[in-house]
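Please look through the sequence and the model shown here, and then read the briefing that follows, which is arranged by topic.

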2 protein chains.
Amino acid sequence: MRLAELSRQSGVSTATIKYYLREGLLPPGRQINATTAEYDEEHLRRLRLVRAMIQVGGVPVAKVREVLGHVDDDSLGRAIRLGAAMWALPQVPEPDEDDGYVQAAHEEVAALLDRLGWQNAALLSTISPAYRSLVVAVAAFRRLGYDWGAELLEPYAELMYRTAVLDLDNLETQPSEAERIEFAVLGAILNEPVLQALHRLAQEEESTRRYGFE
Amino acid sequence: MRLAELSRQSGVSTATIKYYLREGLLPPGRQINATTAEYDEEHLRRLRLVRAMIQVGGVPVAKVREVLGHVDDDSLGRAIRLGAAMWALPQVPEPDEDDGYVQAAHEEVAALLDRLGWQNAALLSTISPAYRSLVVAVAAFRRLGYDWGAELLEPYAELMYRTAVLDLDNLETQPSEAERIEFAVLGAILNEPVLQALHRLAQEEESTRRYGFE
């Protein structure tokens, strides 16, 4: 398809598509003469991914380029490509390792992973932003004076594990490896707001089932 | 306890406590003479809640006052107080009801609630920010050109329902009605980052179980 058709099918203006091409967020089309290039389904798919990251995820252009670099680097293994793409997305700041609450939270989270049998996640703990986020959140509870220990988190972790199994089952329905990797990036951006909304809706449903509408 | 002791136990400076008292975020202590007031456990608990909202949740002071107004209004029923407090927290903007994607998303979400049997959530749909968030998210998928329907969300919704049951079971362990309502507000602020971190950790665990570390 030509640029105009790519714009029509994607709903992205030709000016924006040209900008993405200049910024290297979209691979160049196949040049068919000096002024015309031909684009295909892969360009359309990549364009949707770029829009999802920029418009829905609020990811800066430079970061989008970095994520796509991981997505496209097929010298990396699958788990690394899945992870590297998601790890390039916005994350919580580094916790202050000198802080006593942070140190205690590290111990609690390590014990939680141990009880859950999440050995791989434990192995990744020094480099994983998700692990760091959990430590920061547990430390925040403690710093505020709440003594809910990480053992309260165990049933939640089991439900989130089942959620992750669904995520990967869905990912595996994607027809190609490139699409599976892209799906993982999309999931990180689009699915989290969906899960949060479903969780809040479920709270409303359950709360009114228990207590009525009064 | 005196102001200095309240400050010591909460880790909040006396200047900040005085600011919260002036702003009406903390009820006044019991005046024991012209210059000294006495504070109790309830002040300490409220102080922790205010800090969680402001420091962790990033909730503006005026909004904190509004949320606490709902929390403290025992003329309201329980489900309303639980909901009203959470509904006062930051939410997604209103969707554009003239947008075709939004209209289609409304229909998809209504059909999803119907299949799930979430009749109460459906009754609340016109006023619920959670419902609105889900409509916005589903419309975003469609607008980006992804045709994953809301039926894909059904197993996720079932897991989020089990998560909400855990939330309410935990809430019911709180010793007083005031503490249960406060716990609901805290949950909305503190639990969501925890669930997100657990979900991402579970994805790492499951992804490396399936594909190894390569």
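In which helix of chain A does A:Arg200 lie? A:Arg200 lies in helix α10 of chain A, residues 177-211, where helices are DSSP runs of H or I with at least four residues, numbered from the N terminus. The model is predicted, so that local features need pLDDT of at least 70 and side-chain atom pairs count only at pLDDT 80 or more, while totals for chains, interfaces and linings use all residues. Residues are numbered from 1 along each chain as its sequence is written, chains are lettered from A and ligands numbered from 1 in the order in which they are written, and side-chain values use heavy atoms, leaving out hydrogens and water.

- A:Arg200 is buried, with a relative accessible area of 18% (buried means under 20%, exposed over 50% and partly exposed in between, with a 1.4 Å probe and protein chains only).
- The side chains of A:Arg200 and B:Glu192 are joined by a polar contact of 2.8 Å, a term for a pair of N or O atoms within 3.5 Å, of which, within protein, one must be able to donate a hydrogen and the other to accept it, and residues adjacent in sequence count only if both atoms are side-chain atoms.
- A:Ala137, found in helix α8 (residues 129-143) of chain A, is buried as well, with a relative accessible area of 9%.
- Between the C-alpha atoms of A:Ala137 and A:Asp114, which are 23 residues apart along the chain, the separation is 18 Å.

**Packing within chain A**

- Helix α6 (residues 100-116) and helix α9 (residues 154-171), both of chain A, pack at an angle of about 60° with their axes 11 Å apart, the axes being lines fitted to C-alpha atoms over the stretch in contact and the angles running from 0 to 180 degrees between N-to-C directions.
- α6(A) and α9(A) are therefore oblique to each other (under 35 degrees counts as roughly parallel, over 145 as roughly antiparallel, 65 to 115 as roughly perpendicular and the rest as oblique).
- The contact, meaning heavy atoms within 4.5 Å, is made by A:Leu112, A:Arg115 and A:Leu116 of α6(A) together with A:Glu154, A:Ala157 and A:Glu158 of α9(A).

- The axes of α9(A) and helix α10 (residues 177-211) of chain B come within 8 Å and cross at roughly 55°, which makes α9(A) oblique to α10(B).
- Among the residues that meet there are A:Tyr156, A:Ala157 and A:Met160 in α9(A), and B:Leu195, B:Leu198 and B:His199 in α10(B).

Key: Helix = DSSP H or I, 4+ residues; strand = E, 2+ residues; numbered from the N terminus.
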